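Work through the exercises below with the sequence and the structure side by side. Try each task on your own before you read its solution.

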Amino acid sequence: MHIPDGYLGPITCGVSYAAMAPIWAFASRQVKKTLAAKQVPLLAIGAAFSFVIMMFNVPIPGGTTGHAVGAVLVAILLGPWAACIAVSVALVIQALLFGDGGITAIGANCFNMAFIMPLTGYAIYRLISRKSPVKSFRRVVAAGFAGYTGIVAAAFCASIEFGIQPMLHHTASGQALYCPYGLKVALTTMLGGHMLIIGWIEFIVTTLVVRFLQAQDSSLLEQDVRAI
Amino acid sequence: MKTTTKLWIGIGVLAGLSPLGLYLSYKFGAHTAWGEWSADELRGFIGYIPKGLQKLSSLWNAPLPDYGLGNPGFKHLSLAYVISAILGIGVCIGLAFLLGKLLSKKETNAVSQKKAGGFLERTILGTVSLLKETVSVERVAQRKGFLQDRDPRFKCFSVVLLLIAVLMSKSVTELSVIYCVVLILVWVSSIGLLFFLERTLLFVPIFSFFIVVPAIFNIVTPGEPLVSLKLFAWTLSITRQGVDSAIIFFMRVLDSVSIAVLLVLTTRQHVLLKTLRIFRVPQLFVMIMGMSYRYIFLFLDIIQKMFVAIKSRVGFVSSAREGRRVVTSNMAGLWLRSYRLQSQVYDAMVSRGYSGEAQVLDEFKSTSGDFIFSALALCALIGTLWLNRYFR
């Protein structure tokens, strides 16, 4: 879902950077309040963790593999605003150093994967889990649907961003200047693909990791209560 | 000098000389090569166009007819020739590379692909190739060269200006000129051309190329048809607008990727993250980024060791279901380890005098060359905005 340079026009890039600036400012204020001085190493390690999650190949039926984004998982572990910063840092490092996602599209990529995804996912997680105990099965299910909803919401935003390009930027003769596909194509391929396949990878990964952490050290799942 | 370097110079010289034929045929009043006449020229010779020829000649309209890039005057025709030559060379190299990669990959992966345990190998190979890639990039960044000697702050700033210029541009010719400038910068920064093209052509641009192919048809981009194919009541045609959209999209992606890779190849990675200060990114974020960058490699090392251990002890994983359990338990394990690590790191920071205030050292020096370089990048951006007035 990392959008490269050249797919989005200047308006979309500019607007998404402008939208992310206050979100980042709010997130860092929120994190300072809840995590205090420990924030720096925790966020650094959270960012490295969300970078590395994308490196794990997960086997899916049919003999191939896919990978999860993990932003919802990080939100469950660190709280939504800390996840916003950690995933943003991971995305900036990926774009700047490893060419994964464009530099002009950092704003849009962060909006989709570091804002919409963890916040939507986290809201669903809280909504389903309610006040159930940390070790309950309900939390596992909540985590799974949170992961699924989070990535589908992010894919929805990305396909809207792709889809409005031919409308925003074209020459008088009808030649597109950026991503040439309209909303219809972008929504069916991108959103469809995420609802059918990639969303379920996220579902499985988020579910199983939460289940393993319940068994190993459930205190790690209580972080969120402190960091809302 | 290596043989390949000599060959590259030879190809470059030939591309530069390509307008010579244009000049010579103009000078001696020569005609089109024997047997390569176009339909119109043929009419001049024999008075009519053979019917079969007429039918076939409109079957395919080349994207760059007569190497001319649209219809420029004679003066610009030689420039168009050189650009066409470079584009042609680029496309040939890209296809050859892709073919080579596809063929060589099949042999090594054919065995592991089928097994459910293939994901273990893939993850191991993924982490190893990332580490290897980082080392080879850092090696290039430590060489002496034009871009390596620039002040990272100015270089980063200029690259951002260039990227914005590429983002705003509406002309394929301008994007091609920028690509030529990038290749010159590659040359003066002592980066191997093949090394550079392997990193810039293979992944994102080729991927984008395949993505954009359906857009040349009238189902996506309606417009003036170039080639039509009638299937019952349904007409599928390639449109001029579609082809133009595809070309400008591909060139823009290629330019952006090349410029970004140029920055990464000529700057030490930990320095590059520090330059974010000039874009008013708060110190706190820059510090988190710097720390996170180091932990990424620690984590990659941990994953690689865990997976090699699993592979050497268990050998294979029986099903995809079992595989998912292995992967996710490793993710959970990684988080347990990193959470413990985090509190130790914090204690270590405090014992070394960390007070909760982020401090990043600035150790940059700028020269007049840096100012000139940034000024040129600014000119490119202003020039693009000025050129855009002519495209509506």
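**Exercise 1. The fold of chain A**

Among contacts in chain A between residues at least 6 apart in sequence, what percentage join residues at least 24 apart?

Solution. Keep in mind throughout that this is a predicted model. Within chain A, 74% of the contacts between residues at least 6 apart in sequence join residues at least 24 apart. The elements that are brought together in this chain are nine helices and two strands, and from the N terminus on they follow the order α-α-β-β-α-α-α-α-α-α-α. The radius of gyration of chain A is 18 Å, close to the 17 Å that the globule rule gives for 228 residues, so the chain is as compact as a globular protein of that length. Taken along the principal axes, the C-alpha atoms of chain A fill a box of roughly 60 × 45 × 30 Å, and 61% of the 228 residues count as buried.

**Exercise 2. Helix 2 of chain A**

Solution. Then turn to the surroundings, where a residue counts as buried if 20 or more other C-beta atoms lie within 10 Å of its own.

**Exercise 3. Where the two chains meet**

Describe the side of chain A that touches chain B, going from the number of residues to the elements and then to the residue classes.

Solution. Start with the count: 59 residues of chain A are in contact with 69 residues of chain B. Next come the elements, and those of chain A that each supply at least two residues to this side are helix 1 (10-35), helix 2 (39-53), strand 1 (58-59), helix 4 (80-98) and helix 8 (183-216). Helix 2 of chain A provides the largest share, twelve residues. Finally, sorted by class, the side of chain A that touches chain B holds 43 nonpolar, 13 polar and three charged residues.

**Exercise 4. The nonpolar core**

Which residues touch the most other members of the largest nonpolar core?

Solution. This core has 158 residues, and those that touch the most other members are Ala48(A), Val52(A), Ala71(A), Val74(A), Ala86(A), Val87(A) and Val89(A). The core also draws at least three residues from each of domain 1 (119-142 + 290-354) and domain 2 (145-282 + 358-392) of chain B. To see one member in its setting, take Val87(A): leaving aside its neighbours within four places in sequence, Val87(A) is in contact with Ser50(A), Ala71(A), Val74(A), Met113(A), Ala114(A) and Pro118(A).

**Exercise 5. The domains of chain B**

How many residues of domain 1 of chain B are in contact with domain 2 of chain B?

Solution. First look at the separation of the two domains of chain B, whose C-alpha centres lie 32 Å apart. Across this pair, six residues of domain 1 of chain B are in contact with ten residues of domain 2 of chain B. On the side of domain 1, the elements that give two or more residues are helix 6 (118-141) and helix 13 (283-314) of chain B, and helix 6 of chain B gives the most, with four residues. By class, this side of domain 1 divides into four nonpolar residues, one polar and one charged.

**Exercise 6. Two single residues**

Are Ser129(B) and His169(A) buried, partly exposed or exposed?

Solution. Ser129(B), which has its place in helix 6 of chain B, counts as exposed because it has 10 C-beta neighbours inside 10 Å. His169(A) lies in the loop between helix 7 (165-168) and helix 8 of chain A, and it counts as partly exposed because it has 18 such neighbours inside 10 Å. His169(A) and Gly9(A) are 160 residues apart in sequence, yet their C-alpha atoms are 7.1 Å apart in space. Not counting residues up to four places away in sequence, His169(A) touches Gly9(A), Leu177(A) and Tyr178(A).

Key
Residues numbered from 1 in each chain as written. Chains lettered and ligands numbered in written order. Predicted model: local features only at pLDDT ≥ 70, side-chain atom pairs only at ≥ 80, totals over all residues. Contact = placed C-beta atoms within 7 Å. Nonpolar A, V, L, I, M, F, W, Y, C, P; charged D, E, K, R; others polar. Domains from an automatic or database assignment. Rg over C-alpha atoms; globule rule 2.2 N^0.38 Å. Buried ≥ 20, exposed ≤ 12 C-beta atoms within 10 Å, placed from the backbone. Core = buried A, V, L, I, M, F, W, Y, C linked by C-beta atoms within 7 Å.
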